[in-house]
Amino acid sequence: MEQRFNTSEYQQRLSQVKAKMEEQGVDVLLVSNPSNMNYLTGYDAYSFYVTQALIVIKEQEQPIWIGRRMDANGAKLTTWIDNEHIYYYTDDYLHSDMKHPMDVIAHLFKKLKQDHRRIGVEMGSYFLSAMAYETFKSWLPNATFFDTTTLIGYVRMIKSDRELQYMRNAAANAEAAMQAGINSIKKGISENEVAANIYYAQIHGVEGIDGDYPSIAPFLLSGVKSSSPHLTWSGEVFNGDEIVTLELAGVHKRYHSPLARTIKLGEPSSKEKRLGDAVTDSLNETLNAAKPGATCGDLALVWSDAIRKHGFEKYDRLGYSVGLSYPPNWGEHTASIRQYNQTVLEPNMTFHLIPGLWEDDCGVEISETFVVTENGCETLANFQRELIKKES
């Protein structure tokens, strides 16, 4: 199978992670986040609904993959690590009241003589249950445990040239999916038909750039539902006078480039136009402030000052680091663009900047994914940035 990055790039990533481990006093990592597993090894399978892990030992040149037996061949096919570093547990450990896959992983720690060491665990991971953690810990009474939820994530924030190319490709797919959605929205068409066309475009991709499944379903918010940012579609039919928000991502090789736009079927009301102008102008001012040396908190203050000129107050988070991901979320769970966040922007960091204003009966979202450059920032997609008016 295709190796998406050179082995040397994976090894460089591993070295950076080990340096972070040294800084934090950690000897060995138990990695459960599938994005982090992919980042360090290339492992790519829809197997994260069961227990699986990557073990990074500070003194060893290769990490160790362990998961369900039927997924072990997938690890051999998609990773750069030797077969001798691939372990598995059998299916009798799944959904059993008598034993747990963490029994096998803990015994592997003992076999590798890692059971007396300082172990980093991604305690905030979606993919490590309370039962899994407690089972693992119970087998290793002489180990010391540390929370390393964001350790690999902060290494991932600065992208390589190949990663940025994948994200630019993802942005091209996002443009196509957004256009497919906008083209589909019209009087008499149902929301689920629009969502189906978006999904087709996301997965089909554009010419020469294959698509992939997104980590989040497309958000399609019409009419009063546009006042709540995380609703999905239904079977409702467009009447021809709705305001509609679409938030989606283009995906390529698991790298995401999210994009949100708001569309009005027919003539925008004065409130809708005011919201659209406020979001567009403030988004542009915030993008102009994005450059190396600025902090995420600085960008949030620019946004707050900008919307205040339009008569609005809003202090919610308006962006986050983004890149490689698996369901249920495409964020990297590290830096957030919000007030008081002191993360300093550096070249090759990538963020999804998604400001929105929501009233009780409608809302407007317009977003951009951008990469920090040497002198400012570059938006990855090239798409009409305003409240989009469409004849019904």
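This is a predicted model: local features need pLDDT of at least 70, side-chain atom pairs count only at pLDDT 80 or more; totals for chains, interfaces and linings use all residues.

Colleague: Which residues touch the most other members of the largest nonpolar core?

Modeller: Leu 29, Trp 65 and Leu 246, out of 61 residues in that core. A nonpolar core here is a set of buried Ala, Val, Leu, Ile, Met, Phe, Trp, Tyr and Cys residues joined through side-chain atoms within 4.5 Å. Buried means under 20% relative accessible area, exposed over 50%, and partly exposed in between, with a 1.4 Å probe and protein chains only.

Colleague: Which helix gives the most to this core?

Modeller: Helix H7, residues 161–184, with 9 residues. Helices (H or I, at least four residues) and strands (E, at least two) are DSSP runs, numbered from the N terminus.

Colleague: And what does Leu 29 touch?

Modeller: Leaving out residues up to four places away in sequence, the contacts of Leu 29 include Val 17, Met 21, Leu 54, Val 56 and Ile 152. Contact means heavy atoms within 4.5 Å. There is also a second, separate core of 28 residues, with Ile 243, Leu 283, Leu 287 and Cys 362 among them.

Colleague: Back to H7. Is Asn 173 buried or exposed?

Modeller: Asn 173 is in helix H7, and Asn 173 counts as buried because its relative accessibility is 0%. Among the residues that Asn 173 touches, beyond four places in sequence, are Val 206, Ile 209, Asp 210, Gly 250 and His 252.

Colleague: New topic. How many residues of strand E9 are buried?

Modeller: 11 of 11, over residues 255–265. In a regular strand the side chains alternate between the two faces of the sheet. Both faces of E9 are covered, with residues including Tyr 255 and Leu 259 on one side and His 256 and Ala 260 on the other.

Colleague: What does E9 pair with?

Modeller: Strand E8 (residues 243–252) pairs with E9 in the antiparallel sense over 10 bridges, and strand E17 (residues 388–390) runs parallel to E9, joined by 3 bridges. Two strands pair if DSSP finds at least two bridges between them. Gly 250 has Ser 257 in E9 as its bridge partner, while Ile 263 has Ile 388 in E17.

Colleague: Pockets next. What is the volume of the largest pocket?

Modeller: About 450 Å³. On a 1 Å grid over the protein atoms alone, a pocket is an open set of points where a 1.4 Å probe fits, with protein on both sides within 12 Å along at least five of seven lines; lining residues have an atom within 4 Å of a point. Points are joined across faces, edges and corners, and a volume is the space filled by probe spheres set on them.

Colleague: Which residues are closest to its centre?

Modeller: His 230, Glu 247, Arg 317, Tyr 320 and Ile 354, out of 24 lining residues. Strand E11 gives the most to that lining, with 6 residues.

Colleague: And the second largest pocket, how much space is in there?

Modeller: About 290 Å³. Its lining has 16 residues, with Gln 16, Tyr 39, Val 155, Ile 158 and Lys 159 nearest the centre.

Technical notes: Residues are numbered from 1 along each chain as its sequence is written. Side-chain values use heavy atoms; hydrogens and water are left out.
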